Amino acid sequence: MPLPEKIGFIGTGAITDAMVRGLLAEPAAVPRVMVSHRSADVSAKLAADFPQVLVSRDNQAIIEGCDTLVLAIHPQVAEEVVRPLRFRDGQRVISVVAATSRPCLLEWTGADVRLTQAIPLPFVARRKGVTAVYPPDADTAAIFTVLGSAVECETKTEYDLLAAASALMATYVGIMHRTTAWLTEHGLPEEKGRAYLAPLFAGLSETALLVGKDVDLINLSREFATKGGLNEQVFQDFNSNGGSNALNRALDRVLERITQ
């Protein structure tokens with residue numbers, strides 16, 4: 001599936017920065033990218049790093065100059081930014097605006113656009129991201145496949161569930177932080193703890209990825225938990241002390257917030 005000749009970004013924050021860097025990393029996946037002037041420091045750095053980037057102070061000019069647009073605006077100002085703009089019927093619009101419903105976005109554009117929603121994560125900058133896309137759209141999926149991989153959701157429920165699961169990133173890193181702190185408290189230098197734990201966690205994630213759907217994750221967990229061994233002990237302590245229940249409650253709460 002060929003990618004667009006030019007992709008425009010309305011809003012130039014961290015996710016736009018990551019997507020543009022991923023798209024334009026060698027070999028560049030698209031010939032040209034247009035970004036809005038806001039935020040000035042991010043857009044200026046992108047233009048300095050990549051000759052393919054054109055910075056525009058006029059969002060309408062980006063819409064008129066690109067067939068594929070990415071809305072990457074803070075949800076608090078999304079309506080204020082999008083509603084005055086004039087979109088074209090049939091124009092492809094990818095929204096990465098958090099906590100903003102599809103019906104609202106379609107109303108604000110005021111045109112019969114081809115709207116998809118996506119949840120790109122910062123890893124797309126290294127072409128290592130996995131991105132949920134809704135509804136299924138081959139052209140949108142092709143963009144995010146270049147940036148890692150895409151999961152096309154058949155329903156809004158599937159999309160919302162993956163959005164909730166993506167809220168575990170800080171917890172994942174937080175577990176590494178707490179474990180590193182525990183090691184430090186017991187006498188191991190922090191840099192050694194981090195140098196050990198980060199590859200350990202990365203290796204576990206890679207193993208889960210490589211075994212694919214043929215192995216249930218709970219069975220994979222048991223492979224790392226020798227009967228009567230240390231891994232089994234820690235998992236049992238975690239579960240019996242409410243860890244699993246706390247995780248379920250946290251996911252339920254974030255899903256409720258997403259679907260309000």
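**View 1. Cysteine 66 is a buried residue of this predicted model**. The relative accessible area of cysteine 66 is 1%. Buried here means under 20% relative accessible area, exposed means over 50%, and partly exposed lies in between, with a 1.4 Å probe and protein chains only. In this predicted model, local features need pLDDT of at least 70 and side-chain atom pairs count only at pLDDT 80 or more, while totals for chains, interfaces and linings use all residues. Residues are numbered from 1 along each chain as its sequence is written, and side-chain values use heavy atoms, with hydrogens and water left out.

**View 2. Cysteine 104 takes part in no disulfide**. A disulfide is a pair of cysteine sulfur atoms within 2.5 Å; the structure holds zero of them. For cysteine 104, the nearest cysteine sulfur belongs to cysteine 153 and is 20 Å away. Cysteine 104 is partly exposed, at 31% relative accessibility.

**View 3. Helix α1 spans residues 14-24 and contributes buried residues to its surroundings**. Helices (H or I, at least four residues) and strands (E, at least two) are DSSP runs, numbered from the N terminus. The buried residues of α1 are Thr16, Ala18, Met19, Val20, Gly22, Leu23 and Leu24. They pack against the strands β1 (6-10), β2 (32-36), β3 (53-56) and β4 (68-71). They also pack against the helices α2 (40-49) and α6 (138-146). Contact means heavy atoms within 4.5 Å.

View 4. Glutamate 26 and proline 27 are joined by a cis peptide bond with omega of about -5°. Most residues other than glycine have a negative phi, and most peptide bonds are trans.

**View 5. Alanine 99 has a positive phi in a loop**. The phi of alanine 99 is about 50°, although this residue is not a glycine. The loop runs between β5 (92-95) and α5 (102-109). With 76% relative accessibility, alanine 99 counts as exposed.

**View 6. Arginine 127 has a positive phi in the loop between β6 and β7**. Arginine 127 is not a glycine, yet its phi is about 60°. Arginine 127 is partly exposed, with a relative accessible area of 23%.
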